Amino acid sequence: MKQYVVARPLYSEDAFADEHEKIHRHHKTLRHHVKQYFTCDLKRAKNAALSLLPFIGWMRIYQLKEWLLSDIVSGVSTGLVAVLQGLAYSLLASLPPWYGLFTAFFPVIIYFFLGTSRHISVGAFPVLSLMVGAVVTRLVPDEGPPINITGFEGLTSDEQRVMVAASVTFLMGIMQLAMGLLQVGFIVMYLSDTLVSGFTTAAAIHILVSQLKFVLGLVVPGLSGPLSIIYKIFVQIEKTNVCDLVTSILIMVVVFIVKEINDRYKAKLPVPIPIEVIMTVIACGVSYAFNFRVIYKVDVVGRIPVGYESPMAPNMQIFGETAVEAFPMAIVGFAVAFSVAKVYSVKHDYIIDGNQELIAFGASNIVGAAFKSFAASTALSRSAVQESTGGKTQIAGLLSALIVMVVTLAIGFLLEPLPKSVLGAVVIVNLKGMLMQIREVPYLWRRDRPDCVVWVVTCLASILLGLDLGLAVGLGIELLTVVFRAQFPRCSVLANITGTDIYKDRKDYMSIYEPEGVKIFRIPSPIFFANIDFFRGKLVGFNPLRVLRKRNKALRTIRKLLKKGELQMTSVISFKCSGPIEESEDESNMEELDQPSDFKDLPVQVNWNSELPANIQVPRVDVHSLILDFSAVSFLDISALKGLKAALKELIRVEVEVYIVACDEYILEKLHSCKFFDDEVKSSMFFLTLHDAMLHILEKHPVNSEKTKVCEKV
């Protein structure tokens, strides 16, 4: 085993600072930062342009011969999938199917110029589509009149729904754009993988239930929650359209099997088999040939208008009605897209910018909403197609948008006989990844129960309360777990591993050395207003203020007895009592009892651990030295600083020497600037390392033991 030997002086923080000169660093002032932010030169303007238009950066390095063919293949494949998913996810948004084609076109064009990810496929995302659908059906329900909105006059139900979807998408885009301009992309960090997993699993259940009406061919009014929909389906289950049911089951089985083949043999297949597209084409042909719509009463996509509709201004009254729903949509849309983009950026070694992504999606949704598309983000399955088929840049995305445009302008009529049950079946099969996330629960329960609680509560709340409230509840529970972990951390008492300068939890090792009267307490988290009292209660296992008051009351009693001659001193550390004595119960002037013990008018200092005169009881203190390991303490707030100083004074006044080790330089500077040190709490109590403090204590309080010698040899 390799060994090393170091010979150096024993350092306190003061001694180390005296011996080693520090470099004085000039910290920039707020004025300097503001001036630098508003300073403009050629280099800064160039960087700003590249940041705002990231496509310039990768276009300059585009390898035409190596990348173009891959991007073309990827773009065509992704475009076909985008057409199908656009139609399917429009049903989730409670809109006519062809509006999904708009979502697969306009946002993609804008993201091409503004986005930093080269591999994600922008467009409809099932969770967002469902959230849009919840807003749409709330304002324009299936049964009953719509909510009173100025601008609904003279519009059909579908047109009213399109206005609601476009307006809430526009508002969502404004929120994303504002967050990007304000540089708050970090907000997505508060959505942990556990929370997102629980939320998307609940969303998958919502989506699954919402598609059952298409799979069974039923008319289910309203979209008021999965339990309500299940009840409404169960009530009219006898009206199931057998043709829709058989078609859906057949589609789901075939698509599921082929997708499994794609996953198992993806290394051998040049491109994944586009089974959804193949089955859609077959379903269209069969439906047209056998006239499913007339003969079997199958609900089909129906007429798809040729071309794009004229732009539309958002409705301001709808903004007020949907602001609460738009914000979680903005967060969820960005969080999902950013997490997918991050996976591919790591895989292909390039950098993505969270704030620029917010700007890109904000602008995409604003422009898309103006042309009547609904909320856009990214879908993992579609992005996987774009990346796995060889896509290198967003040129693949641009080509996928061109495929969608061809369908919209020229061949959309071919999709008119497509049964909606086929779209529902495709949506359900693509939920497999999200639904299988439920397998994480047993793992989380075994490994991290607070995270498991976050997952379960987020999922249940999102199912029962709706996706927007469920997300808020999940975020609240997640922040509570963070607070509780920081407020009640796992503290430990350390001991020296015999023969080394290493200190570990005393409960974990057998060969340890603990000098009598020395306690090493490790603080494993930042100290702030919420946990300072918790730490004070854990430090030494007794209340030093109570001990100090008992001692001062005992001193007050001893002085009275000495003055009356009822107590005689027999040695420097003991007393002789001439009769029974009652301890004074005078609790007046408690402030004096909290002051340091004063022995000035006594000929000796009282040994509080020896036997005191009759009826004078003072708690014994077996600790003479306390070492606080600050190696994991990253910051102290003002409340914690005051509480720490009070705790140190209480310990010092009951003759417990306190040493603080491995303190961060930033914290030391803060202690000095806040006038932390005084006649009682001195800077000399700070030591560089735990072992420095231990050797200092052993030198001050020698212990004749072989173990001590072993410890000091290190």
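C459 is buried, at 6% relative accessible area (buried means under 20%, exposed over 50%, partly exposed in between, with a 1.4 Å probe and protein chains only). This is a predicted model, in which local features need pLDDT of at least 70, side-chain atom pairs count only at pLDDT 80 or more, and totals for chains, interfaces and linings use all residues. Residues are numbered from 1 along each chain as its sequence is written, and side-chain values use heavy atoms, without hydrogens and water.

The whole structure holds zero disulfides (a disulfide is a pair of cysteine sulfur atoms within 2.5 Å). Two cysteines illustrate this.

| Cysteine | Relative accessibility | Closest cysteine sulfur |
|---|---|---|
| C452 | 4%, buried | C459, 11 Å |
| C459 | 6%, buried | C452, 11 Å |

For C452, 11 Å to the sulfur of C459 is too far for a bond.

Next, a helix pair. Helix α8 (residues 126-139) packs against helix α10 (residues 193-216) at about 65 degrees, and their axes lie 10 Å apart. Helices are DSSP runs of H or I, at least four residues, numbered from the N terminus. Axes are lines fitted to C-alpha atoms over the stretch in contact, and angles run from 0 to 180 degrees between N-to-C directions. On the α8 side, P126, V127, L130 and M131 meet F199, A203, H206, I207 and S210 of α10 (contact means heavy atoms within 4.5 Å). The contact residues comprise seven nonpolar, two polar and no charged.

Finally, I257 sits in helix α12 (residues 242-264). I257 is partly exposed, at 46% relative accessibility. Its C-alpha atom is 9.7 Å from that of I275, 18 residues apart along the chain.

Notes
Helix = DSSP H or I, 4+ residues; strand = E, 2+ residues; numbered from the N terminus. Nonpolar A, V, L, I, M, F, W, Y, C, P; charged D, E, K, R; others polar.
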